[in-house]
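Here is a short briefing on one structure. Keep the sequence and the 3D view open while you read.

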Amino acid sequence: MSPQNILLFGATGNIGSFILNAILAQRSQFGRIAIFTSPRTAETKGDVLKEQGVEVIIGDIEDESAVKAAYEGKYTLCTHHRST
Ligand SMILES: NC(=O)c1ccc[n+]([C@@H]2O[C@H](COP(=O)([O-])OP(=O)(O)OC[C@H]3O[C@@H](n4cnc5c(N)ncnc54)[C@H](OP(=O)(O)O)[C@@H]3O)[C@@H](O)[C@H]2O)c1
């Protein structure tokens, strides 16, 4: 079985960062690990995450086409973003 790709929403938040760190601690169990984040957060935290092998997908979660495009690559979704 090929390793699972993960797409994580809310990964930069208080709770989401714990989820991301737990996934990264089991790095070998997964394929691509990607997060979907806002441009502002990508600017402040993106480089550190990329250094850890995380793909940083930048977009607006309210933009349907951006969210759909993020799914390219058959990801398993994990989400813990702020409720609006
Ligand atoms: N912290 C707690 O103790 C606690 C307890 C119970 C329930 N919760 C619930 O758990 C969720 C996450 O809590 P948290 O403390 O981790 O929140 P947080 O630290 O404020 O993190 C918010 C996350 O949501 C993303 N986000 C910001 N604006 C958004 C929007 N308009 N739509 C979708 N996502 C958006 C942010 O992503 P980017 O900036 O990267 O785009 C960030 O990664 C919330 O719904 C909260 O009510 C939290």
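Helix α1, residues 14–25, gives the most to the shell around the ligand: three residues. This is a predicted model. The points below cover the ligand shell, the strand pairing and the nonpolar core.

**Ligand shell**
- The ligand is surrounded by 16 residues.
- Gly13, Asn14, Thr37, Ser38 and His81 are the closest of them.
- By type, the shell holds 12 polar residues, three nonpolar ones and one charged one.

**Strands β1 and β2**
- β1 and β2 run parallel and are joined by five bridges.
- Across this pair, phenylalanine 9 faces phenylalanine 36 of β2.
- The chain gets from β1 to β2 by way of α1, in a right-handed β-α-β crossover.

**Strands β2 and β3**
- Strand β3 covers residues 55–58 and pairs with β2.
- The pairing is parallel and uses four bridges.
- Here threonine 37 sits opposite isoleucine 58 of β3.
- Helix α2, residues 39–51, carries the chain from β2 to β3.
- This β-α-β crossover is right-handed.

**Strands β1 and β4**
- Strand β4 spans residues 75–79 and runs parallel to β1.
- Five bridges hold this pair together.
- Phenylalanine 9 stands opposite threonine 79 of β4.

**Nonpolar core**
- The largest nonpolar core has 14 residues.
- Leu7, Leu8, Ala34, Ile35 and Phe36 touch the most other members.
- Two elements give two or more residues to this core: β1, residues 4–9, and β2, residues 30–37.

**Contacts of phenylalanine 36**
- Neighbours within four places in sequence are left aside here.
- Phenylalanine 36 then contacts Leu7, Phe9, Ile57, Gly59, Ile61 and Ala70.

Notes. Residues are numbered from 1 along each chain as its sequence is written. This is a predicted model: local features need pLDDT of at least 70, side-chain atom pairs count only at pLDDT 80 or more; totals for chains, interfaces and linings use all residues. A nonpolar core is a set of buried Ala, Val, Leu, Ile, Met, Phe, Trp, Tyr and Cys residues joined through C-beta atoms within 7 Å. A residue is buried if 20 or more other C-beta atoms lie within 10 Å of its own, exposed if 12 or fewer, and partly exposed in between; C-beta atoms are placed from the backbone. Two residues are in contact if their C-beta atoms, placed from the backbone, lie within 7 Å. A residue is near a molecule or strand if its C-beta atom, placed from the backbone, lies within 6 Å of it. Ala, Val, Leu, Ile, Met, Phe, Trp, Tyr, Cys and Pro count as nonpolar, Asp, Glu, Lys and Arg as charged, and the others, Gly among them, as polar. Two strands pair if DSSP finds at least two bridges between them. A crossover is right-handed if, with the strands pointing away from the viewer, the path from the first strand over the helix to the second runs clockwise.
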